[in-house]
Amino acid sequence: MKLALNLSACAFALAAVATAPVYAQSQSEAADQVDETVDSNVIVVTAQGRAQVLSDVPVAISAINSEQLQKSGATDIRELNQLAPSLLVSSTGNEANGSARIRGIGTVGDNPGLESSVAVFIDGVYRSRSGNALSELGPIERVEILRGPQGTLGGRNSSAGMISITTAGPEFNFGGHASVSYGNYDQLRIEGGVTGPLSDTIAARIDGVYLKRDGFYTDVVNGTDINNKDRYIVRGQLLFEPNDGLSIRVIGDYSKKDESCCAATFVQPEFAQQARISPGLDPFALPLAGSPGLTNAANPIIPVLLALGQNSNALTQSTFNRDIYATAGRSYAGETEDFGASVEINAELGNMNLTSITGYREYSNFQASDTDYTQVDILYREPNENAGAREFKTFTQELRLQGSAFDDKLDWLIGGFYANEKLETRDNLRFGTQYGAFAPCRVVNAVNPALASPTSTGCLSAGGRAALQAANGGAGAFGAATPLIFAGLDNLATINDKGTVLDVYNQKSENFAVFTHNIFHITDNLDFTVGLRYTNETKDFNAAFTNDNTMCPTQRALFTPLLGGPLAALAGGIIGLSCQGNSTAELDGVTLADSRSENEFTGTAILSYKPTEDLLLYGSYSRGYKAGGFNLDRSALTSSTLGNPALTGDTANLQFDQETVDAFEIGAKYSTREFSLSVAAFRQQFQNFQLNTFNGSVFLVQNINGCSDDLGGADMDADGTTGNCAADNVKYGVVAQGVELEASINPVSYVNISMGLTYTDTSYENDLVGRDTGTALDPALRLLPGDNLSNAPEITATASLSYTPPLGNSGLTGLFYVNARTTSDYNTGSDLLYGKEQDGFTLVNARIGVRGPDDKWAIEGWAQNLFNINYSQVAFNTPFVASQQTYSAFLAEPRTYGITLRGQF
């Protein structure tokens, strides 16, 4: 069994289990409250808004300190996967769309209208989407990962968890650091910084990182590389401490990327065994063993691609051959800017402590693309500031006041949070210059693939037209409508370089929240914690469209009369391909506006007991929430392209409801000087789970719920009108449940072993529906009922070994570090189609080096993905490439290796 082999491989790297994280606090001065002589297993945290020892906190927490980050080589949050078994961070068609998952739950897809299920904070400031944090971060003091819904504290609510990153702050002792790394793919990374006092009460710090690396893909057609890195960040800080009772930290940062991203390759059966042609070309039918691969010429769309200029190598090479064949002249170039400032104030007000965190951030990104991922020019985004662009302007303010009462029997906390977020997205997605040659072949293939002539107008040769006209004794294959069908194909052939000129969506969000979090010390060993939060969220939406596809309304006028007769499917197909995604001149100059508002109460209740000084037992309930919003995609204005979206479109169709979760957890934590162990068992029930899925043509955003009635399989058929549920019988539709173990041991001097294991069954319920009104599930999601969520392996194990012995009496020390992560099988496609599976695998990273006295200098050799394991981040439907839908994959990084020189003073 592959899982057994993976676990053995992880054990070889160390032992089959997770980096035992150490959680650290969010207030810079809290570390000073811990005696420096205390052993390393005693960690102070502020997960509950006040400084506490980790082993005393009845919450599932992971954290990684600066030493662990340096040993592992982690420089952004994606690399935390190796250190935290319940966390998975990945990116897809654009790094701005990066997603974090905890316990198998996360926001899926490329739509910025959906907020992150896992909230990301950097220095206490909320980042609008988790993808905004996928960048170099510079020196990091610690990373904290809270597992499960954060319904009370943590600033902005999140339904799955929270990642909090604290960067290294200013110091009153003068010092500095610098490092240079060089690796394969011509990678060069330079980092440096300096800190020190400006006066007795003011300290300053400035850090910078520059990274450049060649891409992992080679664009054979255009002679360039894709998925490169070319980025930098600069961060400056001031710390003002006029007395022991007041601390003010000011941070400003700016980062920029000029990179080409993200290429994809075709999925082949040698990687995903079920990426094969299914009976009847039905992607929802299980393929037969040994049937041809999806890119075999037996799939009728493949000869069309080849006839239109697709290099056959792209269709026959391995999934992990990173040569790609893009359309000549098309680009993946993009640019990202991220900057902002924050002020954190911690003040003692008598017996109370006040914390204020004020932040303002701006984030912008655009990314051009050869959007069909083939050499045929079907879809594209021109490389300019409107290419799939998004811009966030976010102001946040959090206030917390904490103290004690009743002779310290009550530890109370109250607070408030405000966020004002302005989001603008822009798009210039257009049909390519060969769309008119490609699209009619989709129709002809549906009639008879033998008639397809991709180089002929309308994909029909003169002989093909004659054969169709002569059918039925000369009455024509389509009767009296035969000439109309020919005309429709010829019209479709004219849709070249048409579509979006510019679509602009604006969304303004205001979030108000007040909260309280209180710990009642019932006895010296028994605590009861209760927290409550009230949130009000308002979103105002508007959109404006510019489109030059005038053929769409022409085709709709011609073929609407046929929709009620025997040629309805054929007529609907011609309209659909002519108006794909509501790309129509009928929307040219149209503007839309709408708003939504929601109110939610969330919170937590925890009972914890310490039978001994070293052991904590707890049980908890928490309720979490993630805001609803608008699908920023015009394709959702109507349920189909058969109607004029300017007349039948409704902004109500763009809305999706808020996601809520009820979570139950029991756990235990044991900690001594030499050994620590934590165990947690959890169950999380999600209602109105927000899912974003690409169906090969458009993105679908739908809430997922369950029904307490037996739907008799109506949620698993192709009929979108069946499978409704009475609103009173709607219940949660997604459940995440499992067990987590984390351990750390120092068996002998200079050796630390960290281990962890997560078993999680994160799955959809049977009998699924859409919104909580009981509407039917979209047929594109009919494989979901009863199955696991995408990117949610049942078993994940991580381990790390660190050995730092002295080298004789020279004052030098050695470093040997290795970590590993192993996962069981899972499906990477949010629609769970066959052929998107990822077999279990194990990743190993290693680092070896020598360090000077007092770590003043170091030289280290390193390797990431040491054994060059091939795996994909996400498999997805290749846009429009179907008779049977083919799949493409965003591949994970191959092995990288290099050397690092570092010094500090």
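## An aromatic cluster

Rings of Phe, Tyr and Trp, the last taken by its six-membered ring, are counted as a pair if their centres lie within 6.5 Å. In this predicted model, Y332, Y373, F876 and F890 form one aromatic cluster.

Y373 is buried, as is F876.

F876 also pairs with F890, and here the arrangement is stacked, the centres being 4.6 Å apart and the planes 20° from one another. Since F876 lies in strand β46 and F890 in strand β47 (residues 887-891), this pair ties together parts that are 14 residues apart in sequence. F876 and F890 are both buried.

Strand β10 covers residues 161-167, and seven of its seven residues are buried, so the strand is largely enclosed by the rest of the structure. The burial applies to both faces of the strand: G161, I163, I165 and T167 point one way, M162, S164 and T166 point the other way, and all of these residues are buried.

## Strands paired with β10

Strand β7 (residues 118-122) pairs with β10 in the parallel sense, over five bridges. Within β10, the residue that stands opposite F121 is S164, which belongs to the set of side chains pointing the same way as M162 and T166.

Strand β9 (residues 140-147) runs antiparallel to β10 and is joined to it by seven bridges. Here V143 has I165 of β10 as its bridge partner, and I165 points the other way from S164. Taken together, β10 therefore has a parallel pairing with β7 and an antiparallel pairing with β9, and it is largely enclosed by the rest of the structure, as seven of its seven residues are buried.

## Charged side chains over aromatic rings

R782 lies over the face of F284, at 3.5 Å from the ring centre, and K731 lies over the face of Y732, at 5.0 Å from the ring centre.

Terms used:
Residues are numbered from 1 along each chain as its sequence is written. This is a predicted model: local features need pLDDT of at least 70, side-chain atom pairs count only at pLDDT 80 or more; totals for chains, interfaces and linings use all residues. Side-chain values use heavy atoms; hydrogens and water are left out. Buried means under 20% relative accessible area, exposed over 50%, partly exposed in between (1.4 Å probe, protein chains only). Helices (H or I, at least four residues) and strands (E, at least two) are DSSP runs, numbered from the N terminus. Two strands pair if DSSP finds at least two bridges between them. Rings of Phe, Tyr and Trp (its six-membered ring) pair if their centres lie within 6.5 Å; planes under 30 degrees apart count as stacked, over 60 as edge-to-face and the rest as tilted. A charge sits over a ring if NZ of Lys or CZ of Arg is within 6 Å of the ring centre and within 35 degrees of the ring normal.
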